[in-house]
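Please examine the chain shown below. The report that follows describes two of its residues and then the chain as a whole.

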Amino acid sequence: MTPERRKLRRAELIQRIRSVERMQSVAAASEAEATRARLFGVAERTRSLAAHYAQREGDIVGADLRSGKAMGDQLQRLTELSEKQAEEAELQSQAKREVLAQSDMRLRKAKESRRDLVRQIVARLEKG
């Protein structure tokens, strides 16, 4: 096999590897975004439920008031936890999008490198 053919095969292999890497990055970014959306939804529903129990302070019966207060406190803690998880998911989603952008750039460079190599080979063949 000629050195040019080996270089071309190597460039094609790098391009295929970069394509697979990009597909994996797309899948990871999509999964991270879905997780983020799900956790933000949970945080919103928990916040809404906590607000509902906070409004129940006007209950007439003391036992209802105490149980409502306890439930409200637990929901408040859950709200804080779910918001924290949603924020962490947002950070992960951003990181995955950055990895995807880098992957896109590497794939683009691999394609350009392969194209340049093909042009060089064709130019040498035309001269030779």
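Thr79 counts as buried because its relative accessibility is 3%, where buried means under 20% relative accessible area, exposed over 50% and partly exposed in between (1.4 Å probe, protein chains only). This is a predicted model, in which local features need pLDDT of at least 70, side-chain atom pairs count only at pLDDT 80 or more, and totals for chains, interfaces and linings use all residues. Residues are numbered from 1 along each chain as its sequence is written, and side-chain values use heavy atoms, without hydrogens and water.

Thr79 belongs to helix H2 (residues 62-127); helices (H or I, at least four residues) and strands (E, at least two) are DSSP runs, numbered from the N terminus. Its side chain comes to 3.4 Å from the backbone oxygen of Thr46.

Ala11, in turn, is part of helix H1 (residues 3-55). Ala11 and Glu112 are separated by 101 residues in sequence, yet their C-alpha atoms are 9.7 Å apart in space.

The table sets the two residues side by side, with contacts (heavy atoms within 4.5 Å) that leave aside neighbours within four places in sequence.

| Residue | Relative accessible area | In contact with |
|---|---|---|
| Thr79 | 3% | Thr46, Arg47 and Ala50 |
| Ala11 | 9% | Arg114 and Leu117 |

The protein chain as a whole contains 2 helices and 0 strands. Among its 128 residues, 19% count as buried. Of the contacts in the protein chain with a separation of 6 or more, 88% join residues 24 or more positions apart.

Key. A polar contact is a pair of N or O atoms within 3.5 Å; within protein, one must be able to donate a hydrogen and the other to accept it, and residues adjacent in sequence count only if both atoms are side-chain atoms.
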